[in-house]
Structure formats: structure tokens, C-alpha cells
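Have the sequence and the 3D view ready as you read.

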Amino acid sequence: MLSVTIHASTPYEVTIDRGLFHRLASQLKDYQKRRVVLVSDRKVYSIYGRELTEQLEKAGLQTMSYVAEPGESAKSFQILEDLLESMVAARIQRSDLVLAFGGGVIGDLAGLAAGLYQRGIDYIQIPTTLLAAVDSSVGGKTAINSQSGKNLIGIFKQPKAVFCDPNLFSTLEPEDFRSGLAEVIKYGVLFDQQLFERLSRGVNPEDADLEDIVAKCVGLKAKVVAEDEFDRGVRALLNLGHTIGHGIEKLSCFEIRHGHAVAIGMAMIARACVVQGLASPDTSLRIEEALEQNHLPINTEYSAIDLAEAVRGDKKADGDSIQAILIRGIGQCEIKSLPLGEFYQWIERGK
């Protein structure tokens, strides 16, 4: 069992262990006599819902379940309102608990609902995807999408705990597991050459060191969150590949998975940094090879003009400029504010 402490305004532990899901009752004993709002999606709930409900009952928790459809469509005003109204109808109190059981979409939706309901009630994250485990379940960002862009409506709300069982990743579709690997590779590019080298050999759900990889990524994010919990400075580094990636997601009407879009965004920025003379050709080549070794895309058919227009609605845009994350080398990245017109040129050079 591995544990990482997140030093935020509300400190908490991220516990990572294969088989942890089957021992959740012991992990939740401190929450006895609370009512639980179990938020999940139909696909995850159909596989694990019965056992999780039994675990909650074993821990002395009365459960109300809210099951959404899978996918980004759940991160909407309509679904958020329906979830909140369901909580009102069930007479959930401030002393009760929200449990986010799913991937990043469910974690964002449940966390935002927990932050808004009666001005805030506790919630716990149980990520079922690699992407959620290393990224969205940690750090307290919660949000839904608007018609103008991704994650534009949200708040910071730290969970009380995160319980991660990598065995749950075995039921993911291969493309969903690979989507999470894009975020894992991001951490290597940003902060850790040794981690990057390991990832460059490819990662699979059954790998013996998967727990260590997850814990390493969570630890790297924990350091960033401790320094910049509310995303006003260095935490922006975690957006590597995301500005272009969010544009790709939006243009595809969210048919392209988040991690796949981030992978393309990372590859494009790496190529643009080479053209701009910030990074060596070898840096871009190594990033592309690591992505391809993990069966992730590195190119998009969307034009630079369409991508630039999609980026205008991104939350990282500030007036006529945008916060870009640039790559100088593996483990060497920086934040730079670029005029939107200039960023279009970066996109074009990364195509």
C-alpha cells in the first residue's frame, strides 16, 4: 500500500493499493452513520455498483445512488441540476457525504455538486480510470463544461480522501487506459526524466510497477498543489498539452478522448518549440516516440485556424493573450503568456 499526502487548505491522503476496492469498508469506518450520495456512471456502476453498495452498507453507511450516462455529456448544467435536486429530494444534510466513483467526468461532477450543495459537504474520490487517478481526482479542481468550452464552470473543492485501486483499470477499454497514459507522460515531460524513460518503454494495466507509477505522478502533482493550490502560478504547468487539447476536444464534439487530445497538444507544442529554437529536435522526437510507444496520437486533421478559434474560449485565455506551456527539454518546461495571434503561429508550426 502506498500513500501520498496532499498538503492543501484541507490536507488529505491518497491511498494506492491493488485490491483496495474490496477493502473499502475498513477505509470508510470513520464515516459511519452518515448518508452517502454515490455518484457514478452507468458503465462503471453496472460492473462494480452492487459490490460497492455492499461495502458501504458494511461500513454502516446508508446509500443513495445517482447514475449518469458515461461521457462528457454528464458535465452539463442539466445533469448537475438533476443531481443537486435529487440530493434535495433525498434530504441529504451537510453532515452527509458524496462519493465520486468513476473517471474524471464523474469526479468533476460529484465534486462540484459537493461544493455547491448547502454551501459545501464532504466528498471522497474513488477513481476508476488511470487518468482520474493521476490527475483529476487529486488537487480539488471540479467543473462542468459550457457551450463555449471545457471546464469553464467550476470551483476548487478538495476531497476528504482519495482511494485508488489500480486493479479497477483492468476493466477499461484499451483506448481509455491509453488516454490516462497521456497525463502520465505529461508528468515525465514536465518534471522527471527517469519517469519519462520508464514510460517510453510502454505501460500496461498488468505491469507490476503500475502502483509506483501512479504514486509518482500523484506525488509530483502534490508538490505543485502545495505550492499553488488555486492555480495562480506554477500549477499552470500541469496544462501542458491541454490548451490545444481542449480545442481538439471541442472541435470533435468530445468524440476524441481527453488524453488523446492532450497527447496531440503535447506533440504539437514540442514540434513548435523545436521550430522556435527552444528545444532540440531530439526532445520532440523522444516525446513523439513515447506517445506512439503507448499507442497515442501525435497529429490532428483540424486546421491551425480552427484550433486557434477553439482556443479563444479556453479558460487559460486572458484578454488577447493565452498562457502557453513551452518545452525546453525533458523535465524543463516553462509558462509563457503569448498573444493569441502569436499562439496561432505556434499552432501552425506544430502541425
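**Starting from F177**

In which helix is F177 found? F177 sits in helix 6, where helices are DSSP runs of H or I with at least four residues, numbered from the N terminus. The model is predicted, so local features need pLDDT of at least 70 and side-chain atom pairs pLDDT 80 or more, while totals for chains, interfaces and linings use all residues. Residues are numbered from 1 along each chain as its sequence is written, and side-chain values use heavy atoms, without hydrogens or water.

F177 is buried, at a relative accessible area of 3% (buried means under 20%, with a 1.4 Å probe and protein chains only). Not counting residues up to four places away in sequence, F177 touches L130, F169, L172, V203, N204, P205 and L210; contact means heavy atoms within 4.5 Å. The C-alpha atoms of F177 and V203 are separated by 9.5 Å.

**Helix 6 against helix 10**

Helix 6 (residues 174-191) packs with helix 10 (residues 258-275) at about 40°, their axes 7 Å apart. Axes are lines fitted to C-alpha atoms over the stretch in contact, with angles from 0 to 180 degrees between N-to-C directions.

In helix 6, E175, S179, A182, E183, I185, K186 and V189 meet H258, G259, H260, V262, A263 and M266 in helix 10.

**The core**

Among the 75 residues of the largest nonpolar core, I6, V214 and F343 touch the most other members. Such a core is a set of buried Ala, Val, Leu, Ile, Met, Phe, Trp, Tyr and Cys residues joined through side-chain atoms within 4.5 Å. Helix 10 gives the largest share of this core, 11 residues.

How values were computed: Helix = DSSP H or I, 4+ residues; strand = E, 2+ residues; numbered from the N terminus. Buried < 20%, exposed > 50% of the residue type's maximum accessible area, 1.4 Å probe, protein only.
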